[in-house]
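Come along and read with me.

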Amino acid sequence: MDTFVLIGGGLAGAKAAETLRAEGFDGRVVLIGEEPEAPYERPPLSKGYLLGSDEREKARVHEPGWYEAHDVDLRTGTRAVGLDATARRVELDTGEWLSYDRLLLATGSSARRLPVPGADLEGVRYLRALPDADGLLAEFRKGGRRVVVVGGGWIGLEASAAARTHGNDVTVVEPQPTPLYGVLGPAMGEVFGRLHREHGVDLRTGTGVEAFVGSGTVSGVRTDTGEEIPADVVLVGVGAVPNTGLAEDAGLRVDRGIVTDAALRASAPDVFAAGDVASAFHPLYARHVRVEHWANALNQGPAAARSMLGQDVSYDRVPYFFTDQYDLGMEYSGLGGPGDSVVCRGNPDDGEFIAFWLDGGRVTAGMNVNVWDVTDPIQALVRSNRPVDAVRLADPDVPLESLA
Ligand SMILES: Cc1cc2nc3c(=O)[nH]c(=O)nc-3n(C[C@H](O)[C@H](O)[C@H](O)COP(=O)(O)OP(=O)(O)OC[C@H]3O[C@@H](n4cnc5c(N)ncnc54)[C@H](O)[C@@H]3O)c2cc1C
């Protein structure tokens, strides 16, 4: 009987297990996750759950009992500490060695740490796992707390919206000229800047963090302008780093992610990678792409499982993600570049619009804000890779479908 071992009990690993069974694999499936929790999705950790509107259990990938019912040997609280890709076996922190016929590395990513003085003070928080969200929710629920968020990226902004919704004072410290500057550029970044200011966030752009201050427990954040911002709660959201250590130590090819081909095969025989940790060759872009988003884990886990079963797989989905902040809901498809021009269909000041990123007249990405059911035509435009008339693109009377 074949044994397929999946390392990483996140969305990609859990969905891979589901697909193996759905495709009729009747061998042994072992899912190794270092967290003590059954697999869960992370988006609610900075949205519904942190807002207090969704139950904790709603984040689970599967119903209770699913793993037993599908004969998936889920080992929570267990870390894979070594990989011998020649002998085809994995070492667990229990001391056990597990042999595999096929191996999936879905080890995800971890919150990037901010290496400034005071980083080790108690109370400097990050948001990656359910217990992080439990702790933040307990603080936010008290209301009236002084919350300082370091980093105006997706997680920092979503957590800020939750903190404000619970009635806390929020200051965001962001070194770039706008929030989300690196992903969306100045104009669209400012849409989010305005949104948060309108909701009472004290947004300090162009401001870096020099140190966390406090004796034992953090009580403030010192910025590079010399100011000390007092804080009851400090949350750092400065990005994520892929968990590539296991692959690197095993001598697999790693280049800011575990390098795979379009079939999600890593550089060692019968080893695959999926989700945040995978830098997969993307046929649409003709280069390796690593996507740190929910939809990628959701779809790449199953694609990797099919590839492990020997099916013909070429993962070429257009990258996609979403956010919810206050009354703003947004979806983004594609990969906009920093030098791209931006064309809007609708007025960002009205709160409902689609922004397109263009490179040489070709749509590289589209972001729909409070406009729904347009992901398919936006992705078709990205996929078509043909020059588009910018005037027609901006004209709401021209169906998007006619432009692809
Ligand atoms: C708070 C938050 C909000 C988010 N919101 C959104 C959103 O709104 N939209 C969106 O598109 N994306 C969002 N994301 C990103 C999305 O959640 C990730 O892209 C997704 O979780 C990636 O899934 P994954 O399975 O690849 O990795 P992960 O979710 O990181 O899971 C990997 C798992 O593997 C475990 N692991 C690592 N190494 C080992 C080892 N050696 N042995 C055993 N286990 C190991 C880890 O502990 C972890 O449990 C959010 C992320 C966070 C943190």
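Entry 1, terms. I count two strands as paired if DSSP finds at least two bridges between them. Helices (H or I, at least four residues) and strands (E, at least two) are DSSP runs, numbered from the N terminus. The model is predicted, so I kept to its cut-offs: local features need pLDDT of at least 70, side-chain atom pairs count only at pLDDT 80 or more, and totals for chains, interfaces and linings use all residues. Residues are numbered from 1 along each chain as its sequence is written, and side-chain values use heavy atoms, with hydrogens and water left out.

Entry 2, a sheet. I looked up the order of its 3 strands and found S13-S14-S15, an open sheet with antiparallel pairing. Strand S13 (209-213) and strand S15 (228-230) are the edges, each pairing on one side only. I then followed strand S14 (residues 220-223), which is joined to S15 by 3 bridges in the antiparallel sense. Which residue of S15 is the bridge partner of Gly 220? I found Pro 230 there.

Entry 3, strand S20. I checked burial (under 20% relative accessible area is buried, over 50% exposed, partly exposed in between; 1.4 Å probe, protein chains only). In strand S20 (residues 278-282), 4 of the 5 residues are buried, so the strand is largely enclosed by the rest of the structure. Strand S18 (residues 258-260) runs parallel to S20, with 3 bridges between them; here Thr 260 has Ala 280 as its bridge partner.

Entry 4, a hairpin. I saw S20 pair with strand S21 (residues 287-289) in the antiparallel sense over 3 bridges. His 282 stands opposite Arg 287 of S21. Between the two strands of this hairpin lie 4 residues, and Ala 286 takes a positive phi near 55°.
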